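The following note reviews a structure in numbered points.

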Amino acid sequence: MRRITLMQYLIELERQKDWINADLRLLIEVVSRACKAISIAIGKGELAGMLGGAGSQNIQGEAQKKLDVISNEILLEANEWGGHLAAMASEEMDHPHQIPHRFPRGEYLLLFDPLDGSSNIDVNISVGTIFSVLRCPEGVTEPDDNAFLQPGTAQVCAGYAVYGPSTLLVLTLGHGVACFTLDRETGSFVLTQGEMRIPEDTGEFAINASNMRFWEPPVKRYIDELLAGKSGPRGRDFNMRWVASMVADVHRILTRGGIFMYPRDTKDPSKAGKLRLMYEANPMAFIVEQAGGAATNGRERILGIRPTGLHQRVAVILGSKNEVGRVTGYHAA
Ligand code: P6P
């Protein structure tokens, strides 16, 4: 494959196809630069006093890590001057961040989880940044929560960075999924996979099995069948992985197949699930579907859910199409 940079990739798209315009190209480049800065900050770890708690909580009531706050600031500062955005929303902020009046505003809304899986950061396990791009509704000049409440099918772009042994940027504009690897010597993201595809079948599942006693019957049935292995109804053995960092688990599935499940459970019946719809489930569902996979909440396609709250939670079952179909079928039985 031609080793072209993210910038070359985007400029060639802008010239050849109508999927992207100058503002969206700038948005993606700016977000990629912010992810590079986050990768560098993470890489310093304790050497820069970056680990540990920030001594604050986010709207979810979760203790924030220093790097949660730093990553959020990096994304805000990187994006607010460019004139491509109308506003930004983040897992780490109660309400949308307005673009300061000293900067021009654009047509896009950017949502992100600046550092997903941050509970892993202190034990040096892969974490990531997840982002989603929507269009600002016509005529909305001060976008509030409601301006962001659009179904996942309205996304024009979605992506994630995974900060692992290498730093990768995975991106979709609605025409397939591309993967770029950060070349730390040149500072560029270089195209390393032009078309990521998820195998329709898999022998690997990802779920936090410590929640088993809280699962609904269809999930319990599905996992029991996998655990029964060759002598069970599936007639084969399965392997399990759980990184507890959605970006790392999803990237593994994009790379070699698998099914990721964070189902609704009875641990807290008031919650529809643990993961957030707007800046975790929707962008990941968009990417997974664009790579030939599927993503539901057990009952319906995630991208079709009409949001009611900026930080609403949702059950997530995504990955290899045939396995997601099976689990979703068990919910309908
Ligand atoms: P648990 C990280 O906190 C996260 O939001 C996802 O990245 C991850 O998949 C999940 O929660 C892990 O949850 O309950 O296993 O710690």
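1. On a 1 Å grid over the protein atoms alone, a cavity is a set of points where a 1.4 Å probe fits but cannot get out, and lining residues have an atom within 4 Å of a point. The model is predicted, so local features need pLDDT of at least 70 and side-chain atom pairs count only at pLDDT 80 or more, while totals for chains, interfaces and linings use all residues. Residues are numbered from 1 along each chain as its sequence is written, and side-chain values use heavy atoms, with hydrogens and water left out.

2. The largest cavity is lined by Tyr 9, Leu 13, Trp 19, Leu 171, Thr 172, Leu 173, His 175, Gly 176, Val 177 and Ala 178. Two or more lining residues come from each of α1 (6-16), β8 (167-172) and β9 (177-183); helices (H or I, at least four residues) and strands (E, at least two) are DSSP runs, numbered from the N terminus. The volume of this cavity is about 60 Å³, a volume being the space filled by probe spheres set on the grid points, which are joined across faces, edges and corners.

3. By class, the lining of the largest cavity has 7 nonpolar, 3 polar and no charged residues. Here Ala, Val, Leu, Ile, Met, Phe, Trp, Tyr, Cys and Pro count as nonpolar, Asp, Glu, Lys and Arg as charged, and the others, Gly among them, as polar.

4. How many cavities of 30 Å³ or more does a search of the whole structure find? The search finds 2. The second largest cavity holds about 30 Å³ of space, and its lining includes Trp 215, Met 261 and Asp 265.

5. The largest pocket (an open set of points with protein on both sides within 12 Å along at least five of seven lines) has a volume of about 460 Å³. Of its 25 lining residues, Gly 117, Ser 118, Ser 119, Ala 244 and Lys 274 lie nearest the centre. The lining comprises 8 nonpolar, 7 polar and 10 charged residues.

6. Helix α2 (residues 22-44) and helix α3 (residues 66-79) have axes that come within 9 Å and cross at roughly 150°. Axes are lines fitted to C-alpha atoms, for helices over the stretch in contact, and angles run from 0 to 180 degrees between N-to-C directions. The two helices, α2 and α3, are therefore roughly antiparallel to each other (an angle over 145 degrees).

Methods
Angles under 35 degrees count as roughly parallel, over 145 as roughly antiparallel, 65 to 115 as roughly perpendicular and the rest as oblique.
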